[in-house]
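Reader: I'm new to this one and would like to go through it slowly. Could you show it to me before we start talking?

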Amino acid sequence: MPHAIRLHQTGGPEVLCWEAVDLPAPGPGEATVRQHAVGLNYIDTYHRTGLYPLPLPSGIGLEGAGVVEAVGEGVSEVKVGDRVAYAGGPIGAYAEVRNIPAHRLLILPDAISFATGAAMMLQGLTAAYLLRKTYRVQPGDAVLIHAAAGGVGLIACQWAKALGATVIGTVGSAAKAELAKAHGCDHVINYSSENFTQRVREITGGEGVAVVYDGVGKDTFMGSLDSLRPMGMMVAYGNASGPVPPLDLLLLSQKGSLFITRPTIMSYTAKRADLVALGAELFEAVVSGQVRVEVNQTYALKDAAQAHRDLEARKTTGSTILLP
């Protein structure tokens, strides 16, 4: 029987259980994927702790890459033998083999390995919708990207630089600052020793940035608003430091008629046509070399609990994969 990581209760990493599971034949519209690599993402910890509630028991994980082993009735998007990758759900990627709706699968170009495919899909598609849809970065824009040495950050910084932006990134250590500089950041701010809002104003000659991409949440939120130019866009796409408290909308007018959005990859890829278009942009950026995806940590899938511990302890950089 194949194995998967299952959740029977929420809590710390110790609630991740490695279990044998029954896998039925793929149903109508489904494909069975033998996974070669699975991606690790911060949102997985939100599902594990219950911040984002799941009906229990449940699988966990949102992205992977592998080979189609079987297809159900009515499937036209993929065929047996195709190399595929996916992100964004449904939940259950931490598995050796799984069934998944075929309309969520993208054909993985031969030039991209399974490891890279699994590492880049959720973070890369997130960067794709942030930079190309939520706020479409233009040449000459100044942008602020928090957690610039994280998985989304490293991809977004390289991509924004390739689009002609002035890229300002924040990090929490000197080592992460060097990593961010090597991946497209024109200016790196260590927010553990510098006031990032003050530094952004200095870098931009007092104007502020066109957009802030903030996956950190509570700890950076107000400083992010204060880093924007008038009518700038605050994109709050994650809460690594905790959820943002309720906001008085009058603050947005007082700080310069700001825009704010709380996007999710699920909304931006709900229609297959949008998923395929964003995937094509991402694959082109990676294959062309504009964006390098670096797998900096690898764990056995059965050791997912340790991977979660290291992720939450900020011991990881860039992308991490789990190998079935």
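Reader: Which residues in α2 meet α3, and which ones in α3 do they meet?

Author: This is a predicted model, and in it Q123, G124, T126, A127, A128, L130, L131 and R132 of α2 meet G151, V152, I155, A156, W159 and A160 of α3. Sorted by class, the residues of this contact of α2 with α3 are nine nonpolar, four polar and one charged.

Reader: At what angle do α2 and α3 cross, then, and within what distance do the axes come?

Author: The axes of α2, which covers residues 114-134, and of α3, which covers residues 151-162, cross at roughly 45° and come within 9 Å. That angle makes α2 oblique to α3.

Reader: Is that crossing left-handed or right-handed?

Author: The crossing of α2 and α3 is right-handed.

Reader: What about α2 and α9, how do their axes cross?

Author: The axes of α2 and of α9, the helix of residues 272-287, come within 9 Å and cross at roughly 105°, which makes α2 roughly perpendicular to α9.

Reader: Which residues meet there?

Author: On the α2 side they are M120, M121, G124, L125, A128, Y129, R132 and K133, and on the α9 side L275, L278, G279, E281, L282, F283 and V286. By class, this contact of α2 with α9 has ten nonpolar, two polar and three charged residues. Among the α2 residues listed here, G124, A128 and R132 meet α9, and G124, A128 and R132 also meet α3.

Reader: Moving on, how do the axes of α1 and α10 cross?

Author: Helix α1, residues 42-49, and helix α10, residues 304-312, have axes that come within 10 Å and cross at roughly 110°, and α1 and α10 are therefore roughly perpendicular to each other. The crossing of α1 past α10 is left-handed. From α1 the contact takes in Y42, D44, T45, R48 and T49, while α10 brings H308, L311 and E312. Divided by class, the residues of this contact of α1 with α10 are two nonpolar, three polar and three charged.

Reader: Last topic, the backbone: which peptide bond is cis, for instance at P57?

Author: The peptide bond from L56 to P57 is cis, with omega near -5°, and P57 has its place in the loop between α1 and β4 (63-71).

Reader: What is the phi of A147, and where is A147 found?

Author: A147 has a positive phi of about 50°, although A147 is not a glycine. It is found in the loop between β8 (142-145) and α3.

Conventions: Residues numbered from 1 in each chain as written. Predicted model: local features only at pLDDT ≥ 70, side-chain atom pairs only at ≥ 80, totals over all residues. Heavy atoms only, no water. Axes fitted to C-alpha atoms, helices over the stretch in contact; angles between N-to-C directions. Helix = DSSP H or I, 4+ residues; strand = E, 2+ residues; numbered from the N terminus. Parallel < 35°, antiparallel > 145°, perpendicular 65-115°, else oblique. Left-handed = near helix turned anticlockwise from the far one by under 90°. Contact = heavy atoms within 4.5 Å. Nonpolar A, V, L, I, M, F, W, Y, C, P; charged D, E, K, R; others polar.
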